[in-house]
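Here is a short tour for a first look. Keep the sequence and the 3D view side by side while reading.

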Amino acid sequence: LDMLILKTLALESTHGYGIAVRIEQMSKGVFKVNAGSLFVAVQRLQRAGLIRGEWKASENNRRAKYYSLTETGRKRLDSEARDWGRQVAAIARILEAS
């Protein structure tokens, strides 16, 4: 979930609901993020300095906390994406073995 949130925020800053919607859209409905899980993950990412939050007016003129990726968060995303790619390739090789 952390990697998906970081990737979403690398594309654009948005509020919590926007993160959940974007992940569901990009995964074509495969991943539906629970609000409680999202809240805990966002708090964890903020404490780690990977994202930051700022209160702004939302599209419907309500106050919402918009999150954006920090430089540290961008580096972590790049690192985790590389690691994930290696893991997926290794699993594929194992599954294709005869």
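## Terms and model

A residue counts as buried when its relative accessible area is under 20%, and as exposed when that area is over 50%; in between, the residue is partly exposed. The model is predicted.

## The strands

Start with strand E3, residues 63–69. E3 is mostly covered. Five of its seven residues are buried.

E3 pairs with strand E2, residues 51–57. The two run antiparallel, and seven bridges join them. Along this pairing, Ala64 in E3 stands opposite Lys56. E2 and E3 form a hairpin, with five residues between the strands. In the turn sits Asn61, whose phi is positive, at about 65°.

E3 also pairs with strand E1, residues 14–15. Two bridges join E1 to E3, and these strands run antiparallel. Here Tyr66 in E3 is the bridge partner of His15.

## The nonpolar core

In soluble globular proteins, nonpolar side chains tend to be buried together. What does the largest nonpolar core hold here? It has 16 residues. Those with the most contacts inside it are Ile5, Leu6, Leu9, Ile19, Leu38, Val42 and Ile51. Helix H1, helix H2 (16–26), helix H3 (35–47) and E3 each supply at least two residues of this core. Which element gives the most? H3 does, with four residues.

## A nonpolar patch on the surface

Some nonpolar residues lie on the surface. Leu1, Leu4, Val30 and Phe31 form a nonpolar patch there. Together they have about 360 Å² of accessible area.

Leu1 belongs to the segment before helix H1 (2–11). Why does Leu1 count as partly exposed? Its relative accessibility is 40%.

Notes
Residues numbered from 1 in each chain as written. Predicted model: local features only at pLDDT ≥ 70, side-chain atom pairs only at ≥ 80, totals over all residues. Heavy atoms only, no water. Pairing = 2+ DSSP bridges. Buried < 20%, exposed > 50% of the residue type's maximum accessible area, 1.4 Å probe, protein only. Patch = residues over 30% accessible without salt bridge, like charges linked within 9 Å, V, L, I, M, F, W, Y side chains within 5 Å. Areas by Shrake-Rupley, 256 points an atom, 1.4 Å probe, with all protein chains shown as cover. Salt bridge = Lys/Arg side-chain N within 4 Å of Asp/Glu carboxyl O. Core = buried A, V, L, I, M, F, W, Y, C linked by side-chain atoms within 4.5 Å.
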